[in-house]
Amino acid sequence: MALSIHVNGRTEQKQFQEPVENPEFDYSQRGQWLRAAVLGANDGLVSVSSLLMGVGSVKQDVKAMVLAGFAGLVAGACSMAIGEFVSVYTQRDVEMAQMKRDGEKRSPVVDENDRKMEKKERLPSPGLAAGASALAFSVGAVLPLLAAAFIRDHKVRMAVVVVVASVALMVFGVVGALLGGAPVAKSGGRVLVGGWIAMCITFGLTKLISLNGM
């Protein structure tokens with residue numbers, strides 16, 4: 001914006017810049033840890049809930065359900081940690097190789113080493129990503145497992161597992177949508193329906209196999 005100022009018969013033009021509004025927060029910056037946390041918790045919840053429903057379709061013994069659920073928790077947490085470690089380490093290797101190629105193309109400058117160190121510090125840590133993924137999976141998996149462990153009546157136990165899993169799935173979906181700036185209702189509903197489908201398929205197929213004598 002230009003402003004005219006009269007000084008001793010002369011007109012001077014002063015330029016004033018309009019204040020720039022703060023840019024909106026970039027939700028993609030949360031992508032790495034948000035993806036690991038939300039997917040890990042959802043995977044743990046859906047996997048163990050479906051496993052409990054599958055075992056519960058053929059076994060009424062609470063001990064069998066709890067043991068199967070605990071085995072699923074441990075195996076799933078280890079699988080998530082290893083998968084995340086390999087994935088992030090591969091990404092880190094690719095970015096390091098790209099940084100090396102970019103450094104060879106540039107003419108040498110004094111602060112080149114400092115620039116490389118700064119970029120390395122911003123790279124994701126495979127160990128932290130693996131730990132976060134395993135922890136998130138365990139948090140999601142332990143919810144239906146605890147719900148099933150303290151209920152003796154078989155039908156009530158199965159119903160409680162479904163209710164606890166449904167509530168937790170909705171909460172995870174809503175929290176993920178809020179943190180990621182996505183539509184809350186659509187995100188929560190998608191996560192909830194997906195969990196229901198997984199539990200129904202596991203229950204139905206396990207029941208079908210048991211009826212056929214396998």
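**A first look at the chain**

Modeller: Of the 214 residues in the protein chain, 30% are buried, where buried means under 20% relative accessible area, exposed over 50%, and partly exposed in between (1.4 Å probe, protein chains only). This is a predicted model, in which local features need pLDDT of at least 70 and side-chain atom pairs count only at pLDDT 80 or more, while totals for chains, interfaces and linings use all residues. Residues are numbered from 1 along each chain as its sequence is written, and side-chain values use heavy atoms, with hydrogens and water left out.

Biologist: Thanks! How many helices and strands does the protein chain have?
Modeller: There are 6 helices and 2 strands. Helices (H or I, at least four residues) and strands (E, at least two) are DSSP runs, numbered from the N terminus. Read from that end, the order is β-β-α-α-α-α-α-α.

Biologist: And what share of the contacts with a separation of 6 or more comes from residues 24 or more positions apart?
Modeller: That share is 71%. A contact here means heavy atoms within 4.5 Å.

Biologist: Let's go inside. Which residues have the most contacts within the largest nonpolar core?
Modeller: Those are L45 and L52, in a core of 27 residues. At least two core residues come from each of α1 (31-56), α2 (62-105), α4 (126-149), α5 (154-180) and α6. A nonpolar core is a set of buried Ala, Val, Leu, Ile, Met, Phe, Trp, Tyr and Cys residues joined through side-chain atoms within 4.5 Å. In soluble globular proteins, nonpolar side chains tend to be buried together.

Biologist: What does L45 touch, leaving out residues up to four places away in sequence?
Modeller: Its partners are G140, A141, L143, P144, A165, A168, L169 and F172.

Biologist: Tell me about A165. Is A165 buried or exposed?
Modeller: A165 counts as buried because its relative accessibility is 1%. It sits in helix α5 and, beyond its neighbours within four places in sequence, contacts L45, S49 and M199. The C-alpha atom of A165 is 7.5 Å from that of V46, although the two are 119 residues apart along the chain.

Biologist: And where is A168?
Modeller: A168 is in helix α5 too. It is buried, since its relative accessibility is 9%, and it touches L45 and L143, with residues up to four places away in sequence not counted.

Biologist: How about G40, buried or exposed?
Modeller: G40 has a relative accessible area of 0%, so it is buried. This glycine belongs to helix α1.

Biologist: Switching topic: how many disulfides does the structure hold?
Modeller: The count is 0, with a disulfide taken as a pair of cysteine sulfur atoms within 2.5 Å. As for cysteines, C78 is partly exposed because its relative accessible area is 43%, while C200 counts as exposed because its relative accessibility is 56%.

Biologist: Last one: where is V193?
Modeller: V193 lies in helix α6 (residues 184-211). With 42% relative accessibility, V193 is partly exposed.
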